[in-house]
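Let's take a walk through this one together. Have the model open and follow along.

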Amino acid sequence: MNDLFASDWDTNGSEPLDEGGTWLLDLVSVVDHLRRGYRPGFTVWDALAEAIEWAAPTTAEDGQRPRDFGGLWTARPASHEAVQRAVRVWVLVMADRYNAGYRWPHPVPRTGFPPARVE
């Protein structure tokens, strides 16, 4: 793992929620990269579902993960911190696997700013 991400793996048990937008931009960047070759047709929604699924605990009986997003995932509703942690870990794993551990460049804007006024 690259040193640039070393501090991101351990957040001392809490998620700084003010960094959530950056992690979501990172997720979009990973998807933009992966869909160009490794995972054609992969969407942001696929990535978010995968991140949440990875974070879901397995059950002791059958080793399967629950399919609902209700509690992290069955005992209580998913918290903002739990969702952000799932996204953060997914982004870091993808960076480690597909980008030599480096941060993902954020996507190029697809629309101009400010947007055109609609009348």
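This is a predicted model: local features need pLDDT of at least 70, side-chain atom pairs count only at pLDDT 80 or more; totals for chains, interfaces and linings use all residues.

A residue is called buried here under 20% relative accessible area, exposed over 50%, and partly exposed in between, using a 1.4 Å probe and protein chains only. Numbering runs from 1 along each chain as its sequence is written, and side-chain values use heavy atoms, with hydrogens and water left out.

Now the overall layout. The chain has four helices and zero strands, running α-α-α-α from the N terminus; helices are DSSP runs of H or I with at least four residues, strands are runs of E with at least two, and both are numbered from the N terminus. Of the 119 residues, 30% count as buried. Take contacts, meaning heavy atoms within 4.5 Å: among those between residues at least 6 apart in sequence, 60% join residues at least 24 apart.

Back to the rings. How many aromatic pairs does a search of the whole structure find? It finds two, counting rings of Phe, Tyr and Trp (its six-membered ring) with centres within 6.5 Å; planes under 30 degrees apart are stacked, over 60 edge-to-face, and the rest tilted. Tyrosine 38 and tyrosine 98 have ring centres 4.7 Å apart and planes at 50 degrees, so that pair is tilted. The two sit 60 residues apart, tyrosine 38 in the loop between helix 2 and helix 3 (44-55) and tyrosine 98 in helix 4. Tyrosine 38 is exposed at 54%, while tyrosine 98 is partly exposed at 27%.

Phenylalanine 42 and tryptophan 90 make a stacked pair, 6.2 Å centre to centre with 25 degrees between the planes. Because phenylalanine 42 lies in the loop between helix 2 and helix 3 and tryptophan 90 in helix 4, the pair ties together parts 48 residues apart in sequence. Tryptophan 90 is buried, with a relative accessible area of 0%.

Finally, look at histidine 106, in the segment after helix 4 (80-98). It is partly exposed, at 37% relative accessibility. Leaving aside neighbours within four places in sequence, histidine 106 contacts Thr22, Leu25, Asp26 and Ser29. Aspartate 32, in helix 2 (residues 20-34), is buried at 14%, and beyond neighbours within four places it contacts Pro107 and Arg110.
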